[in-house]
Amino acid sequence: MTNSDLPAALEALRLTSSPFEAVLVDMEADVDTVGVCHLWIQDMNKVGKFPTVVLTCRKRGAAESETTYKDAVAAIFDAAVSLDIVVCSDLGDIPSPIRGIPFARATGLFVAARGMKISVGTDPAYVELGPLDSVSITDARNNPKYHNEDKYPGLDDVRITTLRTIEGFEGVYITNANLISASGSDFVYWQHARCLNLGCRVTYQLLTKKLSKGVRKSPQVGPGGERYIDEAEAAKLEELVNAELDRQLVTPGEVDDMACIISRTDDIRSNAGAEVNVELQSVSLGYVKKFKVAAGYVTAIETPSAAQ
């Protein structure tokens, strides 16, 4: 598939009634691919669907150095920005289930498979999940064959999702499931998008049922004659959504907290119909990416205390 084929394929997904959470696009992706997928995601959001997309960029050339490959990929996606797209690098081998012969497959396939196997708040890079099933990034002699972020770091720093080995552990792991988000964004990893998207789906489904509902107006009148939604009505809507957010996300531990907040300052006096703003706020789990260990001898072992 090419970028010219992609819009028709995504349009078919827009029209399907089959449920899906994420889309794996199996092609050599570039910045234009990200742009097409980003616009499609925005259109999907408008009709209450909140998908993420997993892409894979071009593979490393046989005679291409790791440094050249890293710089080339970084340049391709330097201007790409999306809160819902994961871009992966290079390939990995996986054996045929029939003959056992290794076949090269896009890294995005392995990342997507791991992501859809775990809950929305679980990091695909969580090491205790174990290595990716039967995936190899070395040749038959255990020499480097595909990009290994542990041996050639750098792509992870430019928001590209990579595979890696870990010293002392068997198999291949995901380094980080990075989103192609802007520097400083709160959307860093795929699970950040997946969690908030699930919250958006819950909020959309429940509040859509309340469209055209008659609500009481608050006795309070604004300086220009504005009338606002009654506090009891707003609280009831919040309770409806927050109970489901708690059931699907907060209590299972997918997020630290999440809440739907109904605006109390929207003018609903017009008989032509009212528009009420809603904010979905989320507090993500913390994901430990490094343990910094200091080792030494002491006269007595200290008991750690909780942070105040």
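Residues are numbered from 1 along each chain as its sequence is written. In this predicted model, local features need pLDDT of at least 70 and side-chain atom pairs count only at pLDDT 80 or more, while totals for chains, interfaces and linings use all residues, and side-chain values use heavy atoms, without hydrogens and water.

**Whole chain.** Show the protein chain as a cartoon. The C-alpha trace spans about 75 × 70 × 40 Å along its principal axes. Of the 308 residues, 39% are buried (under 20% relative accessible area; exposed is over 50%, partly exposed in between; 1.4 Å probe, protein chains only).

**First ring pair.** Select Phe20 and Trp40. They stack, 6.5 Å centre to centre, with 10 degrees between the planes (Phe, Tyr and Trp rings, six-membered for Trp, pair with centres within 6.5 Å; under 30 degrees is stacked, over 60 edge-to-face, the rest tilted). Phe20 lies in the loop between helix H1 (6-15) and strand E1 (22-28) and Trp40 in helix H2 (residues 31-46), so the pair ties together parts 20 residues apart in sequence. Phe20 is partly exposed at 28%; Trp40 is buried at 6%.

Go to Phe169 and Tyr173. Their centres are 6.4 Å apart and their planes at 90 degrees, so the pair is edge-to-face. Phe169 is partly exposed at 45%; Tyr173 is buried at 6%.

**Charges over rings.** Select Trp190 and Arg194. Arg194 lies over the face of Trp190, 5.6 Å from the ring centre (NZ of Lys or CZ of Arg within 6 Å of the ring centre and within 35 degrees of the ring normal). Finish at Tyr189: the charged end of Lys289 sits over its ring, 4.6 Å from the centre.

Methods
Helix = DSSP H or I, 4+ residues; strand = E, 2+ residues; numbered from the N terminus.
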